[in-house]
Amino acid sequence: MSIITSLTRMWLTRSTKPFIFKNEYDNVLSYQDCDNLGLYVHIPFCRSICNFCPYCKVRYSKDLCNRYIDALLREIHAVGGQQSGKKETNSLYFGGGTPALAADRLGEIIGAIKEHFVITEGIGVELHPDNVTPDVLRTLKTAGVTKISIGIQSFQTKFQSVLGRTSVDISAMKQALSEVPFETVSMDFIFALPNQTFEDLKADVDAAFQSGANHVAIYPFIDFTFTPSTVTTMPKKEKRELLDAITRYCMDQGYTRSSIWTFSSEADARYSSMTRDNFLGFGCSATTLLKDQFKINTFSVEEYCNRIAEEKLPTSLTLRFTLRQRMIYYLFWTAYSTKVAAGGFEKFFGVPLKKMYGAELKLAKLMGFVTEENGVYSMTLKGAFYYHYYENFYTLSYIDKMWGVMRKEAFPQELTLG
Ligand SMILES: C[S@@+](CC[C@H](N)C(=O)[O-])C[C@H]1O[C@@H](n2cnc3c(N)ncnc32)[C@H](O)[C@@H]1O
Ligand code: SF4
């Protein structure tokens with residue numbers, strides 16, 4: 001499996017050099033002249049731990065959570081204070097974990113961020129269904145949150161029990177969402193679960209839009225090697241049929257495909273922390289992407305707090321990109337929005353996309369993966385399936401390996417992803 005990702009990487013980066021992450025950090029981050037900059041804050045606490053979940057999280061304790069947020073505020077000021085004036089950013093997303101467990105302190109975190117940054121396109125927070133109560137929603141709204149994303153996974157008992165999740169009270173959730181409205185209400189679902197049919201998935205999507213969502217994210221189930229989940233993965237053919245059927249259904253309903261995994265029923269409903277050219281990440285496991293480097297913070301909550309107490313940034317590993325590596329990273333995540341504009345690439349890298357990847361784009365067109373209009377490449381249904389398929393290999397070869405190591409070691413010496 002990793003042979004596919006290795007060969008693709010060598011072909012597209014025109015080099016045998018793997019991605020080498022080193023145990024080095026910079027106390028100053030060069031984000032000041034980055035355009036299209038996003039912000040991310042990680043809150044790694046959950047009431048209980050789900051068997052399928054790969055993210056960096058620990059069981060919630062009020063004490064530890066407060067200590068963590070004190071450290072987080074210091075990290076924000078340490079990075080934000082490196083510039084004079086306020087830097088414009090497009091968005092701020094809180095992920096986890098379950099950020100609403102710290103709902104009473106999100107206002108304080110947002111306040112610290114706003115001392116250094118201007119946020120132009122709103123603030124998003126990931127929620128567990130248990131968090132969707134009028135009280136919590138009001139607290140978030142007062143803090144300045146404009147978008148929420150609720151991790152439903154499935155409304156159906158048979159899949160909730162496979163995933164070890166409890167049932168969701170749809171009418172209470174609908175009531176809370178109508179009492180406290182947000183610009184974007186997204187709901188997350190997982191597809192390609194054992195014996196899941198199009199009817200199952202359609203029922204979930206319909207229930208989401210009927211209970212207050214204006215955006216849904218349908219993620220393919222990924223079986224991470226280090227999670228205790230026993231869920232088996234769906235065969236490729238079935239998965240493709242399911243993905244094509246639900247995509248066609250959403251398009252027929254008039255929903256817009258706002259990214260490879262997401263559909264919205266209203267034009268302004270958007271929720272994506274991924275399609276940003278550059279971003280700064282704060283907190284455990286948060287990543288930072290700049291023009292020439294990628295950084296990932298330590299996964300250990302204790303070591304994170306210790307590092308901040310020593311007045312050092314909590315970076316665990318740094319990858320310094322070659323130009324082609326950065327181009328591939330850019331193209332992979334821009335393609336997630338289902339469109340790549342040649343003009344955007346040229347603006348970012350100062351060189352035409354056709355000059356760097358003309359042959360690959362021609363091949364992608366010939367194979368029916370993309371179409372081109374006025375320099376904008378749009379993914380076809382077939383292209384979207386193969387993106388999904390390839391993303392699965394990428395996740396298992398790169399993210400699974402990296403997170404597997406980072407969960408065990410707070411500051412690994414080096415990590416090579418081939
Ligand atoms: C950090 S989690 C969600 C927020 C919240 N803590 C919750 O559980 O409801 C973000 C989303 O990732 C998706 N996810 C988690 N584990 C996954 C897996 N193994 N495969 C595919 N998607 C997954 C889920 O849809 C989940 O809602
Ligand atoms: S899925 Fe959500 S609640 Fe479950 S462990 Fe992951 S972050 Fe926590």
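A residue counts as near a molecule or strand if its C-beta atom, placed from the backbone, lies within 6 Å of it. This is a predicted model, in which local features need pLDDT of at least 70 and side-chain atom pairs count only at pLDDT 80 or more, while totals for chains, interfaces and linings use all residues. Residues are numbered from 1 along each chain as its sequence is written, and chains are lettered from A and ligands numbered from 1 in the order in which they are written.

**View 1. Residues around ligand 1.** The shell around ligand 1 has 17 residues, of which His-128, Gly-151, Asp-188, Tyr-219 and Ile-222 come nearest. Nine of the shell residues are nonpolar, six polar and two charged (Ala, Val, Leu, Ile, Met, Phe, Trp, Tyr, Cys and Pro count as nonpolar, Asp, Glu, Lys and Arg as charged, and the others, Gly among them, as polar). At least two shell residues come from each of strand 6 (91–96), strand 9 and strand 10. Strands (E, at least two residues) and helices (H or I, at least four) are DSSP runs, numbered from the N terminus.

**View 2. Strand 10 and its burial.** All eight residues of strand 10 (residues 184–191) are buried, that is, 20 or more other C-beta atoms lie within 10 Å of their own C-beta atom, against 12 or fewer for exposed residues and a partly exposed class in between. Thr-184, Ser-186, Asp-188 and Ile-190 point one way from the strand, and Val-185, Met-187, Phe-189 and Phe-191 point the other way.

**View 3. Parallel neighbours of strand 10.** Two strands pair if DSSP finds at least two bridges between them. Strand 9 (residues 147–153) runs parallel to strand 10 and is joined to it by six bridges, with Gln-153 opposite Phe-189. Six bridges also join strand 10 to strand 11 (residues 215–220), again in parallel, and Ile-190 stands opposite Tyr-219. Between strand 10 and strand 11 the chain passes through helix 7 (residues 198–210) in a right-handed β-α-β crossover; with the strands pointing away from the viewer, the path from the first strand over the helix to the second runs clockwise.

**View 4. The sheet 18-20-19.** Three strands form this open sheet, with antiparallel pairing. Strand 18 (339–341) and strand 19 (370–373) are at the edges with a single partner strand each, so one side of each has no neighbour in the sheet. Strand 19 and strand 20 (residues 376–379) pair over four bridges, and Glu-373 stands opposite Val-376.
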